[in-house]
Amino acid sequence: MSPPYRVMLHNDNFNKREYVVQVLMKVIPGMTLDNAVNIMQEAHHNGLAVVIICAQADAEEHCMQLRGNGLLSSIEPASGGCE
């Protein structure tokens with residue numbers, strides 16, 4: 001089993017908040033409106049937010065889909081940092 005990866009959303013000054021929420025709900029399986037709003041607000045205020053933690057292949061796919069919709073996204077290993 002592959003180690004888990006975090007999909008990260010980075011704040012940008014281009015996309016409207018409503019659009020970011022719509023993209024999160026479209027791209028991430030099972031994403032609710034409440035979760036999407038919370039992720040968007042965290043990225044807006046802190047510059048960065050965790051979107052989802054999943055297998056590396058899924059994380060890469062989600063990241064590419066977010067980027068394909070004009071959002072700034074990256075992935076990182078979920079191990080380490082948090083206990």
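Cys 54 first. Is Cys 54 buried or exposed? Cys 54 counts as buried, because its relative accessibility is 13%. Buried means under 20% relative accessible area, exposed means over 50%, and partly exposed is in between, with a 1.4 Å probe and protein chains only. Before I go on: this is a predicted model, where local features need pLDDT of at least 70, side-chain atom pairs count only at pLDDT 80 or more, and totals for chains, interfaces and linings use all residues. Residues are numbered from 1 along each chain as its sequence is written, and side-chain values use heavy atoms, with hydrogens and water left out.

A disulfide is a pair of cysteine sulfur atoms within 2.5 Å. By that rule, the count is 0 disulfides.

Next, the sheet. Helices (H or I, at least four residues) and strands (E, at least two) are DSSP runs, numbered from the N terminus. Three strands form an open sheet in the order E2-E1-E3, with antiparallel pairing. Two strands pair if DSSP finds at least two bridges between them. E2 and E3, residues 72-77, stand at the edges. Each has a single partner strand, so one side of each is left without a neighbour in the sheet. Neighbouring strands are turned by 25° against each other on average, direction ignored. How many bridges join E1 and E3? They pair in the antiparallel sense over 6 bridges.

Now helix H2, residues 33-46. Its 14 residues should span 20 Å at 1.5 Å a residue, and its end C-alpha atoms are 20 Å apart, which agrees. The expected span is 1.5 Å times one less than the number of residues. Which residues of H2 are buried? They are Ala 36, Ile 39, Met 40 and Ala 43. Down the axis of H2, these buried residues fall within an arc of 95°, so they line one face of the helix. The arc is that of the directions from the helix axis to the C-beta atoms.

What covers the buried face? The cover over the buried residues of H2 includes strand E1 (4-10), helix H1 (17-27) and strand E2 (48-55). Contact here means heavy atoms within 4.5 Å. H2 lies across E1 and E2, and runs at about 130° to E2. Axes are lines fitted to C-alpha atoms, for helices over the stretch in contact, and angles run from 0 to 180 degrees between N-to-C directions. Just after H2, Gly 47 takes a positive phi of about 90°.

On to H3. This helix has 13 residues and reaches 18 Å from its first C-alpha to its last, close to the 18 Å expected. Its buried residues are Ala 59, His 62, Cys 63 and Leu 66. They cover an arc of only 100° around the axis, which puts them on the same side of H3. Their cover includes E1, H1, E2 and E3. The other side of H3 has Ala 57, Met 64 and Gly 68 exposed.

His 62 sits in H3, residues 56-68, and counts as buried at 9% relative accessibility. Which residues does His 62 touch, not counting residues up to four places away in sequence? Val 7, Val 27, Ile 28, Pro 29, Ile 52 and Cys 54. Ala 57 is exposed, at 56% relative accessibility. Its C-alpha atom is separated by 11 Å from that of Val 7, 50 residues apart along the chain.

Last, the stretch after H3. Asn 69 is in the loop between H3 and E3. Asn 69 still counts as buried, at 18% relative accessibility. Not counting residues up to four places away in sequence, Asn 69 touches Tyr 19, Val 23, Lys 26 and Val 27. Gly 70 also follows H3, and its phi is positive, near 90°.
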